[in-house]
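Visitor: Please show me the model, and then take my questions one at a time.

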Amino acid sequence: MDVIDLLIQQHRDVEALFEAYRAAPDDERPELCVRLAEALTLHSTIEERWVYPLARSVIHGPRIDFAVEEHGEMTQLISELLHVRWEQRRREATVRQLEAVAAHHLAEEERDVYPRLRKMEASAFGLSSTELDRSASDARREALRQLAVSAPPP
Ligand SMILES: [Fe+2]
Ligand SMILES: [Fe+2]
């Protein structure tokens, strides 16, 4: 599996979590919000650290700046979602917004960004997908620290 395959797999995982959310009973949804937050935050962290810097060398113009802005928008919605996940109405509204932004963002990357990176040598990434996997556990720890998931209300 190369780096791009790993990223696409993470996109599918995020989509599967949104589907699981829709299928889940109400009392399981707050926990799924946390899993969605983790999956999306980890993926964005990996892209911003290892993928976008490289993408900027082959994709000129504002495309990557837009992608970073969308990450910012998702980060904002994710932190909102973690705060409201115990309040049904606000949680549902925030999940809908987050899913719309994420669906658009993931589709654009797969259409415009990833195909152009696939043409590059694997070594251009500076690390293999195995090394990326390993580095990603550091990124995961950092992402989780940033999220600082709050406890449910008593
Ligand atoms: Fe992204
Ligand atoms: Fe992505």
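The questions and answers below go from the fold to the metal site and then to the charged side chains.

Guide: This is a predicted model, in which local features need pLDDT of at least 70 and side-chain atom pairs count only at pLDDT 80 or more, while totals for chains, interfaces and linings use all residues. Residues are numbered from 1 along each chain as its sequence is written, chains are lettered from A and ligands numbered from 1 in the order in which they are written, and side-chain values use heavy atoms, with hydrogens and water left out.

Visitor: How many helices and strands does the chain have?
Guide: Helices (H or I, at least four residues) and strands (E, at least two) are DSSP runs, numbered from the N terminus. Read from the N terminus, the elements run α-α-α-α-α. The chain has 0 strands and 5 helices.

Visitor: What share of the 154 residues is buried?
Guide: Buried means under 20% relative accessible area, exposed means over 50%, and partly exposed lies in between (1.4 Å probe, protein chains only). Of the 154 residues in the chain, the buried share is 44%.

Visitor: What percentage of the accessible surface belongs to carbon and sulfur atoms?
Guide: Accessible areas come from the Shrake-Rupley method with a 1.4 Å probe, and for residues only the protein chains shown count as cover. The chain has about 8,500 Å² of accessible surface. The part belonging to carbon and sulfur atoms is 51%.

Visitor: Why do Tyr52 and His71 tie together separate parts of the chain?
Guide: Tyr52 lies in helix 2 (residues 29–58) and His71 in helix 3 (residues 63–84), so the pair joins parts of the chain 19 residues apart in sequence. Tyr52 is buried at 3% relative accessibility, and His71 is buried at 1%.

Visitor: Which residue coordinates both the iron ion (ligand 1) and the iron ion (ligand 2)?
Guide: The two iron ions are 3.4 Å apart. The residue that coordinates both is glutamate 47.

Visitor: Which residues does histidine 105 contact, leaving aside its neighbours within four places in sequence?
Guide: Histidine 105 lies in helix 4 and is buried, with a relative accessible area of 1%. Contact means heavy atoms within 4.5 Å. With those neighbours left aside, histidine 105 is in contact with Glu47, Tyr52, Ala67, Glu70, His71 and Met74.

Visitor: And which does glutamate 108 contact, with neighbours within four places left aside?
Guide: Glutamate 108 is also found in helix 4. Its relative accessible area is 15%, so glutamate 108 is buried. Its contacts beyond four places in sequence are Arg63 and Val113.

Visitor: How many salt bridges are there?
Guide: Side chains of opposite charge can pair when their charged atoms come close. A salt bridge is a side-chain nitrogen of Lys or Arg within 4 Å of a carboxyl oxygen of Asp or Glu. By this rule the count is 13.

Visitor: How many residues apart in sequence are the parts tied together by arginine 118 and aspartate 5?
Guide: Their side chains meet in a salt bridge at 2.9 Å, N to O. Arginine 118 is in helix 4 (residues 88–118) and aspartate 5 in helix 1 (residues 3–23), so the parts tied together are 113 residues apart.

Visitor: Is arginine 91 buried or exposed?
Guide: Arginine 91 forms a salt bridge with aspartate 26 (2.7 Å, N to O). This pair links helix 4 to the loop between helix 1 and helix 2, 65 residues apart. Aspartate 26 is partly exposed at 35% relative accessibility. At 1%, arginine 91 is buried.

Visitor: Which residues are linked with Asp26 in a network of salt bridges?
Guide: Asp26 pairs with Arg91, as noted above. The network links Asp26 with Arg29, Arg91 and Glu92.

Visitor: Over the face of which residue does arginine 29 lie?
Guide: A charge sits over a ring if NZ of Lys or CZ of Arg is within 6 Å of the ring centre and within 35 degrees of the ring normal. Arginine 29 is 4.7 Å from the ring centre of tyrosine 21.

Note on methods:
Donors = N, O, S within 2.8 Å, 3.2 Å for Na, K, Ca; no water.
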